[in-house]
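I opened this notebook to record what I looked up in one structure. The entries follow the order in which I consulted the model.

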Amino acid sequence: MNTDNSRRSAQQITATKTGGRLPIQPLKSSGSHRVHSWRLSILTPALLLCLLLAPSDGSVFAAPKEKTTDAMPTATKTPAPAKKKTAAVVSNDKSDASSKSTAKSSEEVDHWPRTPNTEPSWQTVDKKDATCKAVLQGDWETVAAGKLTAKSFLPMNPTDYAGALGICTVYQPDSAGYFLSAGRRFFVKCTGSLAGTTYSYESLARVGWSIAVPEDAPVAARVVWNAGNGSALPLQEFLDKAIKESPDANAWMVTGMVDFSEVAGRSLTQNPVGQPISASGVSTEQNERVLFTAVITKDGSKLALPASEKNKTAQGLTFRAHYANLSNHPAFLNTSKPVLSMWALNGVRNIETYKRLPKVSSVHEALLPSTVQRAYVSVYAIDGTTSYTYKDPELVDPTTLDPNILMEQRWATENNVLGIAAYAKPRLLLRKELADAIVRISKRAQEQGLKLKMYDGYRPLSMTQRLKHASPGTPYLADPTVGSRHNRGAAVDITLADKNGKDLEMPSDYLDFTTKAHRDSTTMTERARRNMELLTALMASEGFTTLNVEWWHYDAPNYERYPILDVPLWPEKE
């Protein structure tokens with residue numbers, strides 16, 4: 001079990017096998033798992049009752065009624081089996097939090113101060129003759145005609161995109177709403193069963209329609225605009241002026257942060273699945289430091305957008321813009337870097353730095369008339385499009401590859417931290433290349449008269465959401481807005497047994513979340529320490545690394561390179 005709220009100090013066990021690190025292989029489609037499941041059909045009555053008793057609107061999938069759901073666990077890795085402590089280091093992990101360092105970086109200085117008494121200023125940074133392709137998921141005609149279905153929504157990882165806008169959900173289709181991304185995170189305002197709730201997700205979202213620019217797309221220009229003591233620019237003029245800083249193209253994306261001196265917008269009033277879009281206007285008001293993403297197209301572009309007098313630029317181009325109001329301003333913004341860099345926190349990701357990140361309070365579509373007082377945006381010139389495709393990863397049960405591997409999935413029993421069975425029947429899955437590694441480790445264990453025993457492997461993100469909802473105060477459950485190693489199919493909970501299947505003595509029972517489970521616990525017996533060290537050496541032979549607070553938990557090498565998944569544990573047909 002991945003306790004993303006636990007402290008870790010970074011250390012990676014050196015593989016004893018030559019070339020012990022596993023190569024990262026391209027994901028393959030097994031065809032045996034469907035991605036369009038919005039429930040786990042194996043959800044037990046006990047868990048269902050727990051969910052229904054939790055504060056919600058009656059939906060099994062409903063999230064807690066909070067205006068913002070945006071939490072970051074603190075995590076550090078510690079070596080094992082060494083008893084001595086190791087200093088924390090900075091990690092660049094893309095979604096699981098790490099590092100205890102709270103030192104303020106010089107880059108956290110706000111380079112975008114309010115300067116109302118200065119002359120108007122328009123600056124272009126890093127102007128390049130660069131174009132990119134936009135990634136399309138779905139089409140607007142389907143949305144407008146009310147033909148979106150549950151199967152229209154495909155999983156996307158927010159960290160893969162530098163900018164995006166469209167319609168998505170982080171729970172189920174009947175709560176889908178407008179979303180935008182200015183890099184790294186998707187911000188969505190829900191409708192339907194979760195109406196009024198907003199979410200900030202960097203783990204995984206399901207998208208029904210979107211236009212996105214990949215995270216590695218080249219920026220054509222970055223623009224810094226400050227009206228100072230002059231007049232704010234009408235939104236249509238601002239967009240025209242921004243795209244003139246980039247190469248000529250058929251479409252552009254402008255994404256970043258703006259201050260609106262006034263903004264007219266509208267938001268969805270009902271769930272868009274199975275019915276035409278219904279939106280209502282919001283009052284014109286001043287908004288500072290608003291996250292902003294716009295797509296601007298020429299006539300005939302493949303990025304077909306509906307045109308009206310409220311979304312035409314001064315040059316007659318059609319645009320669609322989404323903006324996210326923030327409940328607090330970002331503590332820093334470095335205009336020498338794209339806006340998305342503020343989510344990276346300069347590589348330092350922990351509770352203290354995370355508290356300084358902005359929280360989203362609402363998401364709207366921006367319309368005319370709106371005026372821009374200040375802006376810091378990246379401009380992408382789009383010279384083509386590609387359709388979004390998703391393939392199920394190849395997830396494999398290691399026990400089917402090697403019958404000598406034992407299995408005891410506690411989450412399929414009531415013998416776990418929640419006291420409820422989360423799955424109706426057990427199944428342990430890992431990504432194929434990692435399952436193969438576990439089989440090789442099993443062979444080495446058998447040479448010593450021992451067997452591996454697996455407790456847990458891949459865990460669907462929707463199950464992490466349900467478990468967290470069922471017991472929101474339990475600190476050992478991973479935060480679904482960030483995701484865990486288990487959600488990536490890249491972590492395993494495991495132990496050793498003798499040749500007869502009897503568990504070897506370890507520091508504590510599995511899922512014992514006390515200091516007894518710590519790898520540096522002073523209460524464990526010498527026999528337990530030797531057994532733990534033996535397990536550690538076996539796992540290290542394939543590059544797996546440890547977690548100090550859970551002797552049973554091992555992370556796959558380069559686990560952060562695997563995306564968050566929400567493939568059902570059991571295919572629906574089974």
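**Entry 1: the cores.** I began with a term: a nonpolar core is a set of buried Ala, Val, Leu, Ile, Met, Phe, Trp, Tyr and Cys residues joined through side-chain atoms within 4.5 Å. I also noted that the model is predicted. The largest nonpolar core has 53 residues, and the members touching the most other members are Ile438, Leu452, Val492, Ile494, Leu535, Met539 and Phe544. I then looked up which elements give two or more residues to this core: strand 16 (395-396), helix 7 (432-447), strand 19 (450-456), helix 8 (461-470), strand 20 (491-498), helix 9 (526-540) and strand 22 (550-555). Helix 7 gives the most, with 7 residues. Another core lies apart from this one; it has 43 residues, including Phe153, Ile167, Ile211 and Met257.

**Entry 2: the whole chain.** I recorded 9 helices and 22 strands in the chain. Of its 574 residues, 59% are buried. Among contacts with a separation of 6 or more, 81% are between residues 24 or more positions apart. The accessible surface of the chain is about 21100 Å², and carbon and sulfur atoms hold 50% of it.

**Entry 3: helix 7.** I checked the length of helix 7 first. Its 16 residues should span 22 Å at 1.5 Å a residue, and this agrees with the 23 Å that separates its end C-alpha atoms. Next I listed the buried residues of helix 7: Glu433, Leu434, Ala435, Ala437, Ile438, Val439, Ile441, Ser442 and Ala445. I kept a general rule beside this list: an α-helix has 3.6 residues a turn, so residues three or four places apart point the same way. What covers the buried residues of helix 7? The cover includes strand 16, helix 6 (398-401), strand 18 (430-431), strand 19, strand 20 and helix 9. Just after helix 7, Gly449 takes a positive phi of about 75 degrees.

**Entry 4: Arg440.** This residue also lies in helix 7. Is Arg440 buried or partly exposed? The cut-off for buried is under 20% relative accessible area, and for exposed over 50%. Arg440 has a relative accessible area of 30%, so it is partly exposed.

**Entry 5: backbone details.** I noted a cis peptide bond between Leu368 and Pro369, with omega about 5 degrees. Pro369 belongs to strand 15 (residues 360-387).

I then looked up positive phi values in residues other than glycine. Asp126 has a phi near 55 degrees, and its place is the loop between strand 2 (121-125) and strand 3 (131-137). With a relative accessible area of 38%, Asp126 is partly exposed. Leu511, which is not a glycine, has a positive phi of about 65 degrees. The loop between strand 20 and helix 9 holds Leu511. Its relative accessible area is 10%, so Leu511 is buried.

Conventions: Residues are numbered from 1 along each chain as its sequence is written. This is a predicted model: local features need pLDDT of at least 70, side-chain atom pairs count only at pLDDT 80 or more; totals for chains, interfaces and linings use all residues. Side-chain values use heavy atoms; hydrogens and water are left out. Buried means under 20% relative accessible area, exposed over 50%, partly exposed in between (1.4 Å probe, protein chains only). Helices (H or I, at least four residues) and strands (E, at least two) are DSSP runs, numbered from the N terminus. Contact means heavy atoms within 4.5 Å. Accessible areas come from the Shrake-Rupley method with a 1.4 Å probe; for residues, only the protein chains shown count as cover. The expected span of a helix is 1.5 Å times one less than its number of residues.
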